[in-house]
Amino acid sequence: MRKRVILMMALMCGLSTTASAQFKIGGKKINVGKVVQAGADAAKAITLSDADVAAMSKEYMQWMDQHNPLTAPDSEYGKRLEKLTGNIKEVDGLKVNFGVYEVIDVNAFACGDGSVRICAGLMDLMTDDEVMSVIGHEIGHVIHTDSKDAMKSAYLRSAAKNAAGAANETVAKLTDSDLGALAESLAGAQFSQKQENEADDYGFEFCIKNNIDPYAMYNALNKLLKLSEDAPKSSKFRQLFSSHPETEKRVARMKAKADEYTKK
């Protein structure tokens, strides 16, 4: 039986959130996690460079792949993924790599280092074209820096549980607890409606460029909307799609774009 993915799950809540990464704030050297009070204010002042976020993203994905059941290339899911994405090595200058977590969740995500992960539950639910539209959507979040911004915000949320004090000026490797806390913080991350619309548009264009059904993005969103309507009100999946009028607008936008494209 497939497991439930650690990604975005409350299993992380019990982990320690002391952080060891170090940053410069206003010319001062700061070590997140030394002082217990004033954490929220100190964390808000932390600035992360693109290099910091890139290094953090790489460490995060290594941790995710170690803590979740990544399918083997010769498995059913692995072979299907290779058929879909084997010829895609780079998208808009971003080097990408793909993997499937053999878990029941209907989910997918992309990280700033170009890693794209799809949950088996989503692959079970969707056609090949629909899976590709979701992949395009998630890559869109990275291209538009939404994922980088989410990583920054998630780190600051986890860092805010502790405060700041003086230390070295270099960025240290994140500990296992740091990465667990980061996963917990990412669990609560949601993109704005504008960001989602832009990622939907990117997913649509991704489909067109790769000779995929122009209705794939619409069909994928419509399936997720219907699935959320049947999910328990308390479920995380229902909460992700809790704003039904806005989600319905996204579905309608993608159908309109596909209708317009097919009339050309």
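My entries follow, in the order I made them.

**Ground rules**

I am working with a predicted model, where local features need pLDDT of at least 70, side-chain atom pairs count only at pLDDT 80 or more, and totals for chains, interfaces and linings use all residues. Residues are numbered from 1 along each chain as its sequence is written, and side-chain values use heavy atoms, with hydrogens and water left out.

**Overview**

I looked up the secondary structure first. The chain has eleven helices and eight strands. Here helices (H or I, at least four residues) and strands (E, at least two) are DSSP runs, numbered from the N terminus. Next I checked burial. Of the 264 residues in the chain, 49% are buried. Buried means under 20% relative accessible area, exposed over 50%, and partly exposed in between (1.4 Å probe, protein chains only). Then I turned to contacts, meaning heavy atoms within 4.5 Å. Among contacts with a separation of 6 or more, 72% join residues 24 or more positions apart.

**Helix 5 against helix 8**

I picked out helix 5 (residues 128-143) and helix 8 (residues 193-209). Their axes lie 7 Å apart, and the packing angle is about 125°. Axes are lines fitted to C-alpha atoms, for helices over the stretch in contact, and angles run from 0 to 180 degrees between N-to-C directions. That angle makes helix 5 oblique to helix 8. The classes are roughly parallel under 35 degrees, roughly antiparallel over 145, roughly perpendicular from 65 to 115, and oblique for the rest.

Which residues of helix 5 meet helix 8? I noted Met132, Ile135, His137 and Ile139 among them. On the helix 8 side, the list includes Glu196, Ala199, Tyr202 and Phe206. The residues of this contact divide into eight nonpolar, seven polar and two charged. Ala, Val, Leu, Ile, Met, Phe, Trp, Tyr, Cys and Pro count as nonpolar, Asp, Glu, Lys and Arg as charged, and the others, Gly among them, as polar.

I also followed Met132 and Ile135 to another partner. Thr85 touches Phe98, Met132 and Ile135, not counting residues up to four places away in sequence. Thr85 lies in helix 3. Its relative accessible area is 4%, so Thr85 is buried.

**Salt bridges**

I searched the whole structure and got eleven salt bridges. The criterion is a side-chain nitrogen of Lys or Arg within 4 Å of a carboxyl oxygen of Asp or Glu.

Lys83 and Asp128 form one, at 3.0 Å, N to O. Lys83 sits in helix 3 (residues 76-85) and Asp128 in helix 5, 45 residues apart. Lys83 is exposed at 59% relative accessible area, whereas Asp128 is partly exposed at 23%. Arg80 joins Lys83 and Asp128 in a network of salt bridges.

Arg250 and Glu196 form another, at 3.7 Å, N to O. Arg250 lies in helix 11 (residues 244-262) and Glu196 in helix 8, so the bridge ties together parts 54 residues apart in sequence. Are the two partners buried or exposed? Arg250 counts as buried at 9% relative accessibility, and Glu196 is buried at 14%.

Last, I looked at Asp259 and Lys255, whose side chains meet at 3.1 Å, N to O. Both lie in helix 11, four residues apart, about one turn of the helix. Asp259 counts as partly exposed at 21%, and Lys255 as partly exposed at 34%.
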